[in-house]
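Subject: Structure for your files

Hello,

Here is the structure you were waiting for. My notes on what I found follow below it.

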Amino acid sequence: MKIRSILAKKGMNVITITPDQEIRQAVTLLAAKNIGALVVVNQEQRPIGILSERDIIRQAAVDENLFSLKVADLMTQQLITGMPNDDTFSIAHTMTEKRFRHMPIVEDGKLVGIVSIGDIMKAERNQYRGEIDTLETQIMADDS
Amino acid sequence: MSQNGTLESPLRVAVVGAGPTGFYTAEHLFKQKEYVVTVDMYERLPIPFGLVRYGVAPDHPKIKSVTNVYDRIAQNPGFRFFGNVEIGKHITVPEMQAYYHQIVFTTGAQTDRRLNIPGEDLAGSLPATEFVAWYNGHPDYRDYEVDLSHENVAVVGIGNVAMDVARILCRTPEELYQTDIADYALEALRQSKVKNVYVMGRRGPGQAAFTTPEIKELGEMEDADAYVLPEEAELDVLSQAALADSSDRATMKKVEIIQSYAGRVPSGKSRRLTVRFLVSPLELVDDGEGNIACMRLVKNELYATDAGTLRPRATEKVEELPVTMVFRAIGYRGVPIPGVPFYDSWGVILNREGRVLDPETQEPLAGLYTGGWIKRGPSGVIGTNKPDALETVKNMLEDVASEKTLCPDKTGQAEIFAFVQNRQPDFFTYDDWTRLDALELAKGEAVGRPRVKFTSVDEMLKALGR
């Protein structure tokens with residue numbers, strides 16, 4: 001299965017934030033959109049980092065005044081991006097091995113989406129359920 | 001707004017497209033207990049079941065047995081079928097909005113993706129989707145010209161469509177007679193001169209999209225040998241590492257079967273099916289008269305992307321494959337429906353988890369939904385569409401609860417029926433299909449075949465005495 005089939009049903013909008021915005025705004029956005037990470041983009045809308053719940057929590061543990069920090073202060077800059085044609089299987093593997101949960105997806109340099117490990121798990125679960133259902137139907141047909 | 005979904009005012013849903021997802025959508029709607037629902041299913045073709053009838057290979061009858069499940073769904077008293085009715089032609093989406101609270105588009109992915117190489121449009125270069133529709137008796141393709149006088153044929157792609165096409169080209173007339181393949185296709189394949197079929201994958205054995213049973217089946221054909229070049233059966237270092245890392249048993253089994261075909265000595269069978277790995281077509285060479293002289297292809301090597309996927313990349317090595325007929329089977333693509341937002345670069349209806357979105361605002365358009373391949377693109381097996389349809393139906397029900405549905409001004413089942421009849425007098429009901437089904441089975445029984453399909457709409461109308 002390709003990442004493409006997960007993105008296809010997520011609409012075209014990716015929730016992004018710029019590095020000069022405040023963590024306050026990031027937290028509001030994460031809560032309002034019920035998501036776990038924001039892609040940080042520059043003026044050309046190219047992804048330059050990612051800011052996850054975890055990045056914020058880590059800072060909150062040591063700094064009660066984190067809300068006025070800038071996104072650039074907390075974002076992860078070593079960004080691993082994927083492509084729509086990447087296999088879900090290998091992206092899940094990379095996320096698990098490198099311990100992160102969101103990956104921006106880029107096509108021709110342009111941000112086209114973001115997938116979470118949850119998205120991949122859900123798609124793979126549906127794939128397996130589908131396969132089981134198909135096999136069961138065939139077995140039942142043999143019996144009839 | 002008055003409450004919809006009661007006995008007095010049932011929730012009226014239209015499903016556009018009678019393939020697996022259309023039926024699973026209806027099933028989920030009927031299974032829930034909160035609302036009373038009626039489902040009108042519209043289908044462009046007279047006969048339901050979409051790719052199960054017109055896509056699944058005829059030599060895979062077990063996969064088609066899923067229609068028994070759909071048959072039971074269609075028995076629900078709230079279900080109606082309107083076949084031979086095309087949305088956008090006989091009825092428009094805005095017109096439907098006057099009759100239904102919710103409309104679900106499950107039209108699938110009907111066209112093929114192009115290779116984008118020189119020579120792609122030469123005579124003898126065909127989309128596999130059309131060949132598949134042709135041999136399966138699709139009414140739009142019964143007069144399709146397929147010249148099977150070529151000895152060497154390539155199928156570009158390595159997914160299940162590519163496998164189906166290759167197998168059908170290699171089966172004997174006797175094997176095909178035991179299937180419900182269209183009569184005219186059986187005749188044409190009986191005269192076929194095809195000797196060598198090459199199936200071509202861009203990546204290696206470790207990434208092949210086909211399933212284990214599909215590759216195993218190739219080695220069990222009556223009069224065709226399966227073959228793989230020994231050097232292409234070997235896993236490269238990256239694939240070996242990925243496989244060791246994942247310990248994916250299904251892929252290991254697949255690789256094992258592929259390697260068992262490597263370097264096999266021909267057993268004297270009349271046809272040979274060669275699965276090629278790590279190759280991409282560069283050009284179909286013109287013979288000067290608009291036909292294919294041969295295919296130029298390039299050998300690929302694999303590299304790992306940042307995200308960890310093994311992707312193909314062209315090497316310097318170029319080769320000529322002496323084929324004069326080429327099927328492209330690199331994937332299906334959805335077709336837009338007039339009046340429904342389409343996301344062209346993905347080939348799907350613009351949606352978020354099945355809710356159709358307004359392209360301007362990215363907010364859901366009330367009452368419009370989608371499911372299946374036109375929602376997520378072509379992926380998975382038939383059954384994958386069941387959880388996919390469930391996701392859409394969950395959102396539909398949530399929107400009913402929050403009264404975000406269409407507000408049709410015309411009500412009543414009879415009113416819709418009259419409207420459809422007025423626009424397309426030759427529409428088919430589910431009862432019509434049940435009668436045609438019985439006739440097809442009887443025609444088959446008379447000649448010792450599982451079924452003989454009706455392949456033209458006129459023929460179907462005549463059989464029904466219309």
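The largest nonpolar core in this predicted model has 151 residues. A nonpolar core here is a set of buried Ala, Val, Leu, Ile, Met, Phe, Trp, Tyr and Cys residues joined through C-beta atoms within 7 Å. A residue is buried if 20 or more other C-beta atoms lie within 10 Å of its own, exposed if 12 or fewer, and partly exposed in between, with C-beta atoms placed from the backbone. The residues with the most contacts inside the core are A:Leu51, B:Val155, B:Ala162, B:Val165, B:Ala166 and B:Val199. Helix α7(B) gives the largest share of this core, 8 residues. Because domain 1 (11-110 + 334-428) and domain 2 (114-332) of chain B both contribute residues, the core lies between them. Domain bounds come from an automatic or database domain assignment.

On conventions: residues are numbered from 1 along each chain as its sequence is written, and chains are lettered from A and ligands numbered from 1 in the order in which they are written. As this is a predicted model, local features need pLDDT of at least 70 and side-chain atom pairs count only at pLDDT 80 or more, while totals for chains, interfaces and linings use all residues.

Confidence: the model scores ipTM 0.89 and pTM 0.94. Chain B averages a pLDDT of 95, and 100% of the residues score at least 70; pLDDT is the predictor's confidence in each residue, from 0 to 100.

Back to α7 of chain B, residues 160-170: 10 of its 11 residues are buried. Among them are B:Ala162, B:Val165 and B:Ala166, along with B:Asp164 and B:Arg167. Helices (H or I, at least four residues) and strands (E, at least two) are DSSP runs, numbered from the N terminus.

The centres of the two domains of chain B, taken over C-alpha atoms, are 33 Å apart. Between them, 11 residues of domain 1 are in contact with 16 residues of domain 2, contact being C-beta atoms, placed from the backbone, within 7 Å. The domain 1 side has 8 nonpolar, 1 polar and 2 charged residues. Ala, Val, Leu, Ile, Met, Phe, Trp, Tyr, Cys and Pro count as nonpolar, Asp, Glu, Lys and Arg as charged, and the others, Gly among them, as polar.

The contact between the chains takes 35 residues from chain B and 31 residues from chain A. On the chain B side, α15(B) supplies the largest share, 4 residues. That side has 12 nonpolar, 15 polar and 8 charged residues.

In chain A, three strands form an open sheet in the order β1-β2-β3, with mixed pairing. β1 (16-17) and β3 (47-52) are at the edges with a single partner strand each, so one side of each has no neighbour in the sheet. Two strands pair if DSSP finds at least two bridges between them; β2 (residues 37-41) and β3(A) have 5, in the antiparallel sense. A:Val40 stands opposite A:Gly49.

B:Phe49 counts as buried because it has 22 C-beta neighbours inside 10 Å.

Regards

Note on methods: Contact = placed C-beta atoms within 7 Å.
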